[in-house]
Amino acid sequence: MSTHSHGAPRPSPRSPHRREYPYALFLLPGALAFLAVIVVPFLMNTGISLTHWQGVGSPKWAGLDNYRALLDDSAFWESFRHSVAMVVAMAVLPTALGLVLAAALFDYVAKHIGTRTASVLRACFYLPQVLPIAVAGIVWSWILAPEGGALNEALDAVGLGSLRHDWLGDPDFALYSVMAVMVWVQLGFPLVVFMAGLQRADPSLHEAAELDGASWWRRFWHVTLPQIRPEISVVLLWCTIAALKVFGAVYVLTKGGPGGATNVPSYFSFQSFFEKTQVGYGSAVSTTLTVIILALALVALRLQTRAEDQQR
């Protein structure tokens with residue numbers, strides 16, 4: 001006869017020996033990778049920024065000399081002003097254009113032409129994000145070439161040859177040309193994010209606004225935008241950080257020229273490292289840029305958290 005009653009549950013034989021692992025244990029690999037790839041190199045770079053070093057031999061302690069020189073370096077501040085222009089080209093304009101295009105694809109193309117057409121157009125806009133920046137830069141350097149470039153040849157073909165220009169070689173036009181290329185490169189990311197956000201928006205609010213006689217623009221401004229505010233915050237933060245650390249496009253298209261007209265802090269640091277062999281000074285530039293990006297990210301995240309708390 002069984003010693004256990006039929007109604008009593010049998011204890012699991014593994015329960016006394018079963019171990020409950022804390023969630024922190026699953027975060028350990030990522031934390032170790034972050035420490036090895038981000039924290040340790042940043043601390044080493046910060047240490048080097050406090051020295052005078054040419055990349056060979058023994059570094060000489062310099063204290064804050066590199067940072068004092070940085071404050072008085074007009075070339076650095078000029079490169080930082082160019083970063084502000086890159087923020088406009090890679091964050092502000094793509095976000096604004098991405099919002100309008102995403103709403104047009106979602107509200108008009110998908111509903112009146114077909115979801116497949118909207119998906120194809122979305123993929124076409126996102127294609128520059130998939131291309132390596134070196135490939136995109138080389139293609140655009142061919143398009144913007146002063147002799148034989150596709151843009152100048154197209155202007156000749158339509159009778160606007162007087163507008164031909166050395167788009168990347170003229171200091172007055174080079175920065176705007178690079179900005180235009182970066183708008184093209186960056187546009188696909190906000191578009192995809194916003195279209196995903198529009199799919200979670202409440203359609204009943206749009207229907208109610210439409211029944212009340214609201215125009216498409218008023219529905220977009222007063223109904224759509226408030227619902228995808230988290231996506232807008234993420235896109236602005238992500239694209240601003242990408243703009244502040246942009247390097248590949250400047251390196252491929254102009255190498256910071258002509259005459260420093262398109263130089264940005266990341267490329268300025270690269271020049272200090274490898275062209276001028278001022279490793280300590282280049283480390284000071286990159287450390288300063290990293291601190292600025294971290295501060296900007298923390299402020300943006302704090303503002304986003306406060307806005308979400310107020311909505312609740």
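Predicted model: local features only at pLDDT ≥ 70, side-chain atom pairs only at ≥ 80, totals over all residues.
Let's start with overall shape. Now look along the principal axes. The C-alpha trace spans about 100 × 65 × 35 Å.

What is the chain built from? The protein has 14 helices and two strands.

Next, the contacts. Take the ones between residues at least 6 apart in sequence. Of these, 66% join residues at least 24 apart.

How much of the protein is buried? Buried residues account for 36% of the 312 residues. By buried I mean under 20% relative accessible area. As for the surface, the protein exposes about 19100 Å². Carbon and sulfur atoms supply 66% of that area.

On to empty space. Rolling a probe the size of a water molecule over the atoms shows where such space is left. Here, the largest pocket has a volume of about 450 Å³. It is lined by 15 residues. Which of them sit closest to the centre? They are Ile38, Phe42, Ser286, Thr290 and Leu294. Find those five on the structure.

Which elements give two or more residues to this lining? There are α1, residues 23–48, then α13, residues 265–275, and α14, residues 279–311. The most comes from α1, with six residues.

Last point: what kinds of residue line the largest pocket? By class, nine are nonpolar, five are polar and one is charged.

Definitions and conventions:
Residues numbered from 1 in each chain as written. Heavy atoms only, no water. 1 Å grid on protein atoms, 1.4 Å probe; cavity = no way out; pocket = protein on both sides within 12 Å on 5 of 7 lines; lining within 4 Å. Points joined across faces, edges and corners; volume = space filled by probe spheres on them. Helix = DSSP H or I, 4+ residues; strand = E, 2+ residues; numbered from the N terminus. Nonpolar A, V, L, I, M, F, W, Y, C, P; charged D, E, K, R; others polar. Buried < 20%, exposed > 50% of the residue type's maximum accessible area, 1.4 Å probe, protein only. Contact = heavy atoms within 4.5 Å. Areas by Shrake-Rupley, 256 points an atom, 1.4 Å probe, with all protein chains shown as cover.
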